[in-house]
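The following exercises concern the structure shown below. Each task is followed by a solution in steps.

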Amino acid sequence: MNEMSNKWIGKRTIRPDGVDKVTGRAAFAADTTMPGMIWGKVLRSPHAHAIIKSIDTSKAEALQGVKAVVTAADIVDFPVDTPYPLGIQDMRWMCRNVMARERALWHGHAIAAVAAMSEAIAEEACALIEVEYEVLPHAIEIDDALADDAPILHPWMEFNGKPSNIAGTLEHTKGDVEAGFAEADVIVEGEFTTRPVHQGYIEPHACLVSTAADGKMTIWSSSQGQFMVRAMTSLLTGIPQSDIRAIPAEIGGGFGGKTIIYLEPLAAVLSKKSGRPVKMAMTREEVMRASGPTSGSKSKIKIGAKKDGSITAIEGLYWLQAGGLPGAPVRGAVGCALAPYDIPNGHTFGYDVVCNRSKVAAYRAPGAPIGAFGVECLLDELAEKLEMDPLDLRLKNAAQEGTKAVHGPTYPLMGYVESLEAAKAHDHYKAPLDRTKFQGRGVASGFWFNAGGESSAQVNITEDGNVVVTTGHPDIGGSRAGIANICAELLGIDYNRVSVLIGDTATIGFSNLTGGSRVLFASSMVVTESTRKVIRTLCELAAKIWDIDPDAVIWEDGEARPAGDNAGQFDPLSLEELASRANESGGPIGAGTQLNTTGAEGGFGTHICDVEVDTELGIVRVLRYTVLMDVGRAIHPAYVEGQMQGGAVQAIGWALNEEYVYDKDGKVDNPSFLDYRMPVASDLPMIDTYIIEIPNPKHPQGVRGVGEVPLVPGLSAVRNAVYDALGIRFNDLPLSPPRVLAAMGEMKQAAE
Amino acid sequence: MAKIHVTTTINGEPEEFLCDPAETMLDVLRNRLGLTGAKEGCATGDCGACSITLDGTLVCSCLMLAAEAEGHEIGTIEGMADGDHLHPLQQKFLEMAALQCGICTPGFLIAAKALLEENPDPTETEVRFWLAGNLCRCTGYDKIIRAVMDTAAEMREAAQ
């Protein structure tokens, strides 16, 4: 497609769902109600680790206003010795995540749930449920869980033939790292930790479930995949998928955290038992105690290089916290850590470690920021030792087309080098810093796999000649606008004539999760294919009307035209005219496409961060921030920028302030937005973006994926900037005021 | 416990409702009056997603008892547009892509409108601190701040 001739692709159109969202009309998960609706609440474990010996719900059931109670006995058990994968999840852990079975594995783990006439009655009933616990010692941190005398969370779990909290490992190897280190002139190494951080979506998990007398069930909930909601609810309740209709509400943020479910199967059972529609919504405190953050981690990284900066070997060992059930994002850590570099020898190895925290869920490029953190920090140190510019060091070793990555693939065309070159040339990188004020600058790079997978779309022409596009992916960040841009471009019609809807599980074909930076990549492929089919139908219709060969008709600027003089002289037929005459030959105009899409290629980005440290208060303030990234093709640049800006700010939060504080009983002490400190507007500068477009040759519009890469480099870019400002290498996140002050105190003491 | 009868004004229209003494304004708006534009993000006054105005003053409706609405004027996101004529802030948020998921958007719009009524010519720093009580996890705030600044400039120009 000729870029210059594009009318809609690359334009900052107004999103199809925009007016609903600025007027309060958009219906999010908790916004739907039904006549006769009752409320569900969850009873949660008061212990971080305990055997559940018995549950007596009789007093709760007897309370006036209580309509149904659910316990683990109502949820389908998936035995621990039989893997049952569903996407990247395993139903063995999902069934124990939605409702504790043998043990309560974290403080806040769901134990039972009640549906009653009001939330207050449901809460009162929860308090009447009698649970007998045998409290066990708990392990919160990785080192607690790996200690010789650590409490073992799962008696059946073994590692190297011994009971262990290590649930699994994953490694990647290229070449021989020992030989690589032997060749090195310089070696840098270090140990790093990152803390578990929550996705921080502003909308708590919520759902409404209604069950008819014939067993047909409708679920309204906000998730990153209505088909995931249907499949998991079906598996966990035993209700056939064909009896469940999952309707995707507008989703108030997910960032990976809504790729699994918590409430839907509980509400489904409660609704079925009570015969009433049941609404459930988590409080913020429940979100923080019981829904999945991403892993905390520790890592040991070692890098060897020649004097000229060429890296001879990198080794990275990682331990990632899974929470109470297996499934830390080890793949992202060990797979993405070295991905930006063309190195002869590399080895990454990761452990999945269970501990008494809520089970992790995906968080934007799951594991990748953890993998990148230590590597990007040490590259900063290496550059200093070699007296090289840190961007030059990365350029010297940058992966490019044809590079064989440590995690396996040989790279196709991609724009990592371009992101480094753009960073070097950027005004930001050349701007002076005020060194009298503890200002510093840091850079870092990052990678994410991106993803293809299953998508479905239907494109229908209305009788009045407009277009309705239905896809199957919840739209979190403006993907409907991108789809409308593409469809309007292909049809050659005004953008405002295209409506884009997200179908439910009964109205559109299977579509995998909104996640992995896959939505615009995959859905635009099926929308493009469907639109092309529609155009073919329109041309055939015009051919019939003109009585010429369909191949002699072309589609241009929203109308059918004879392909040339030889085809005959006919006035063009517009979309409206053809739509109104559809029944003359063939009938309604529409086409669907269902694909397992492939060809999503990885994404790379580089960040530049300037900070100033308030040395009296220990506060690190970000002064300037620039995100540079190859996005393949920016179909809607404003929402591409939005992904880059939002990801960077999540990284700033992770680097500077966000962490869970646990008390000695293994209970989260800061389960609120006041005490779990996410960035607010006054913490930040504008976030500059630099979009690089090296179109993905395997995608009809060149899309590569943009959502996740922008989080990956940020932790290290901030940390490297703080080093530049203070001369202190912080290897443990977050760089919160107490930690910064403590480190400065140590530095002063050492100096005295 | 007996319910309380409250007579109030919502978005310029007289309104009456019955509520429990402990019920918040947010719960009444959402669960009794069907005005679900105000969202519950935290219920502790930390996220601003439930922002409304009480006699023109910005408040978190999750921290206000519904009974306190008696005799006062409530403004919600549902009353911000004049029919199909969007408020300049709403229009600018759309044009500048100042929203992604949209859950925080009603709160930001109500808060930004209250800001511009008090200070039609805010600096970037003033906008950032005024909106520091509204959390957004998607945008990094950049486009929101720009949209508010641009709207303020346009409204000042229009007022001349």
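**Exercise 1. State the confidence of the predicted model for chain B and for the whole.**

Step 1. The model as a whole has an ipTM of 0.98 and a pTM of 0.98.
Step 2. As the model is predicted, local features need pLDDT of at least 70 and side-chain atom pairs count only at pLDDT 80 or more, while totals for chains, interfaces and linings use all residues. Residues are numbered from 1 along each chain as its sequence is written, and chains are lettered from A and ligands numbered from 1 in the order in which they are written.

**Exercise 2. Describe the make-up and the overall form of chain B.**

Step 1. Chain B holds five helices and five strands, where helices (H or I, at least four residues) and strands (E, at least two) are DSSP runs numbered from the N terminus.
Step 2. Read from the N terminus, the order in chain B is β-β-α-β-β-β-α-α-α-α.
Step 3. The radius of gyration of chain B, 16 Å, is close to the 15 Å given by the globule rule for 160 residues, so chain B is as compact as a globular protein of that length. The radius is taken over C-alpha atoms, and the rule is 2.2 Å times the number of residues to the power 0.38.
Step 4. Of the 160 residues in chain B, 56% are buried, that is, 20 or more other C-beta atoms, placed from the backbone, lie within 10 Å of their own.

**Exercise 3. Work out the arrangement of the open sheet β24-β25-β26 of chain A.**

Step 1. The three strands lie in the order β24-β25-β26 (chain A) with antiparallel pairing; two strands pair if DSSP finds at least two bridges between them.
Step 2. β24 (553-556) and β26 (573-574) of chain A are at the edges with a single partner strand each, so one side of each has no neighbour in the sheet.
Step 3. Four bridges link β24(A) to β25 (residues 559-562) of chain A, and Ile554(A) has Arg561(A) as its bridge partner in β25(A).

Conventions:
A residue is buried if 20 or more other C-beta atoms lie within 10 Å of its own, exposed if 12 or fewer, and partly exposed in between; C-beta atoms are placed from the backbone.
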